[in-house]
Amino acid sequence: PGTARAPGDVGPAAGHEPSVANAVQADTEGLKKKKKRKKKKECRVVVNTTHCKYDVVRSCAADMGWEWDDDPENAECGNFNFFWTDTSVSMERVARLKGYQRLNHFPSMHLICRKVALSHTMHRIKQVA
């Protein structure tokens, strides 16, 4: 009341109400505060190399910041994320895996990894198809 405005001036008089720019700035600051997220816990990856004779696997795990473990007890208990083995894997080991655990082999992989076995497998598939 009592403040002169120019024709077409629609905003509130200075000093009486916050400007639209201030209101928008306050809203965006509020959004910034709401967008702060909790920091994720660092994932600790443990590679079990109990059945591995190659040091390069341990070296690569260490280079990636992963921990490696050679304790056979931990291999049986399941205290690992990744199990590295140089030999084939039994179905029992695969059945004991938890959802987050991985192996570098799978059961019966010799059927596709050896030339003769792969040839026989491909021949059987061809007969079925």
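**Basis.** I worked on a predicted model, where local features need pLDDT of at least 70, side-chain atom pairs count only at pLDDT 80 or more, and totals for chains, interfaces and linings use all residues. Residues are numbered from 1 along each chain as its sequence is written, and side-chain values use heavy atoms, with hydrogens and water left out.

**Count.** I looked for salt bridges (a side-chain nitrogen of Lys or Arg within 4 Å of a carboxyl oxygen of Asp or Glu). The count came to 5.

**Glu67 and Arg44.** I found this pair in a salt bridge at 3.3 Å, N to O. Glu67 sits in strand S2 and Arg44 in the loop between helix H1 and strand S1, so the bridge ties together parts 23 residues apart in sequence. Helices (H or I, at least four residues) and strands (E, at least two) are DSSP runs, numbered from the N terminus. I then checked accessibility: buried is under 20% relative accessible area, exposed over 50%, partly exposed in between (1.4 Å probe, protein chains only). Glu67 is partly exposed at 38%. Arg44 is exposed at 57%.

**Asp55 and Arg58.** I read 3.4 Å, N to O, for this salt bridge. Both residues lie in helix H2 (residues 55-63), 3 residues apart, or about one helical turn. Asp55 is exposed at 58%, whereas Arg58 is buried at 11%.

**Asp70 and Arg58.** I found a salt bridge here too, at 3.2 Å, N to O. Asp70 is in the loop between S2 and helix H3 and Arg58 is in helix H2, so the pair links parts 12 residues apart in sequence. Asp70 is partly exposed at 35%. Shared partners join Asp55, Arg58 and Asp70 into one network of salt bridges.
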